[in-house]
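This briefing sets out the main features of the structure shown below, grouped by topic. Please read it alongside the sequence and the model.

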Amino acid sequence: MKPVDNTDWQAAATASNEFAAILWRDILVDSGIPAYIESSGSATFLQVASALMPRRVMVPPGRLAEAKAILAEIEEVDEPSSDEATDV
């Protein structure tokens with residue numbers, strides 16, 4: 001849900017695609033941080049192409065540090081340790 005007055009909101013992160021941005025936004029909202037995905041600003045004839053473009057997850061400036069900390073934890077969990085990377 002896009003907020004009514006978001007002129008001073010800031011990017012907490014840039015996701016590689018819309019699917020990751022939706023996940024990150026939902027995690028922030030579930031954590032009590034208002035967030036929305038910034039529109040790509042480019043109209044395409046294929047929605048799929050738009051969904052594969054990087055998207056910014058926006059939050060109020062007063063919650064930026066908290067949002068970045070939450071998203072940083074997600075990134076740490078997502079990256080395998082060196083031991084896990086060699087186990088196949």
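Predicted model: local features only at pLDDT ≥ 70, side-chain atom pairs only at ≥ 80, totals over all residues.

Tyr36 is buried, because its relative accessibility of 7% falls under the 20% limit for that class.

**The aromatic pair**

- One aromatic pair is found when the whole structure is searched. Its members are Trp9 and Tyr36, in a tilted arrangement with 5.5 Å from centre to centre and 50° between the planes.
- The pair connects distant parts of the chain, since Trp9 belongs to the segment before strand 1 (10–15) and Tyr36 to strand 2 (residues 36–37), 27 residues apart.
- Trp9 has a relative accessibility of 14% and therefore also counts as buried, the limit being under 20%.

- The three strands make up an open sheet, ordered 1-3-2, with antiparallel pairing. Strand 1 and strand 2 are the edge strands, each of them pairing on one side only.
- In general terms, the strands of a sheet are paired by backbone hydrogen bonds, in either a parallel or an antiparallel manner.
- Between strand 1 and strand 3 there are five bridges, in the antiparallel sense.
- Strand 3 is mostly covered, with four of its five residues buried.
- Helix 1 (residues 18–30) lies across strand 1, strand 2 and strand 3, and its direction makes an angle of about 15° with strand 3.

**Arg55 in strand 3**

- Arg55 is located in strand 3, which spans residues 55–59.
- Is Arg55 buried or exposed? Arg55 is buried, because its relative accessible area is 9% and the class takes in values under 20%.
- From this position, the side chain of Arg55 reaches the backbone oxygen of Glu38 at a distance of 3.2 Å.

**Lys68 in helix 3**

- Lys68 is part of helix 3, which covers residues 64–78.
- With a relative accessibility of 43%, Lys68 is classed as partly exposed, because that class lies between the 20% and 50% limits.
- Apart from neighbours within four places in sequence, the residues in contact with Lys68 are Ala11 and Ala12.
- The C-alpha atoms of Lys68 and Leu28 lie 9.5 Å apart, although 40 residues separate the two along the chain.

**The protein as a whole**

- The secondary structure consists of four helices and three strands. In sequence order, these elements give the pattern β-α-β-α-β-α-α.
- The protein has 88 residues, of which 28% count as buried.
- Of the contacts between residues at least 6 apart in sequence, 73% connect residues at least 24 apart.

Conventions. Residues numbered from 1 in each chain as written. Heavy atoms only, no water. Helix = DSSP H or I, 4+ residues; strand = E, 2+ residues; numbered from the N terminus. Buried < 20%, exposed > 50% of the residue type's maximum accessible area, 1.4 Å probe, protein only. Contact = heavy atoms within 4.5 Å. Polar contact = N/O pair within 3.5 Å; in protein donor to acceptor, adjacent residues only side chain to side chain. Phe/Tyr/Trp six-rings, centres within 6.5 Å; stacked < 30°, edge-to-face > 60°. Pairing = 2+ DSSP bridges. Axes fitted to C-alpha atoms, helices over the stretch in contact; angles between N-to-C directions.
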